[in-house]
Amino acid sequence: QVQLVESGGGLVQAGGSLRLSCAASGSTFSSYIMGWFRRAPGKEREFVAAITWDGGSTLYTDSVKGRFTISRDNAKNTVYLQMNTLKPEDTAVYYCAADYQGFRANIIRKDPGRYNHWGQGTQVTVSS
């Protein structure tokens, strides 16, 4: 079992940057693929990015490629989402999620149903 707590959301102008953090506790962090999802008002939850146990592989949804960077620090049990050149359409509640896969988790999946654990979410608002 792992508990996830996000931080770092807020209000920013278009073109600005934010860095989200997700601190995990309670289990072996490297056993999890870590992902970020978001839900905008009136829309379905959307995959944003995910990262393998060692950071060796990452995957992004097309709309954030080149602007967002996911990373992790296994020594700190923390995953990050650096968001640059933010756009109003990035406005959403951002959720950290963990997909348990056992030793050295390395299969990235976009399906939110595959993720076993979720944080409470952090609001990101980008003004135009």
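**Exercise 1.** Which residue lies over the face of Tyr80, and at what distance from the ring centre?

*Solution.* Before we start: this is a predicted model, where local features need pLDDT of at least 70, side-chain atom pairs count only at pLDDT 80 or more, and totals for chains, interfaces and linings use all residues. Residues are numbered from 1 along each chain as its sequence is written, and side-chain values use heavy atoms, leaving out hydrogens and water.

Now look at Tyr80: Arg19 lies over its face, 4.0 Å from the ring centre. A charge sits over a ring if NZ of Lys or CZ of Arg is within 6 Å of the ring centre and within 35 degrees of the ring normal.

**Exercise 2.** Describe how the rings of Phe37 and Phe47 pair up.

*Solution.* Start with the whole structure: a search finds five aromatic pairs (ring centres of Phe, Tyr or Trp, using its six-membered ring, within 6.5 Å; planes under 30 degrees apart are stacked, over 60 edge-to-face, the rest tilted). Phe37 and Phe47 form an edge-to-face pair, 5.6 Å centre to centre with 80° between the planes. Both residues are buried. Ring pairs also link Phe37 and Phe47 with Tyr115 and Trp118 into a cluster.

Technical notes. Buried < 20%, exposed > 50% of the residue type's maximum accessible area, 1.4 Å probe, protein only.
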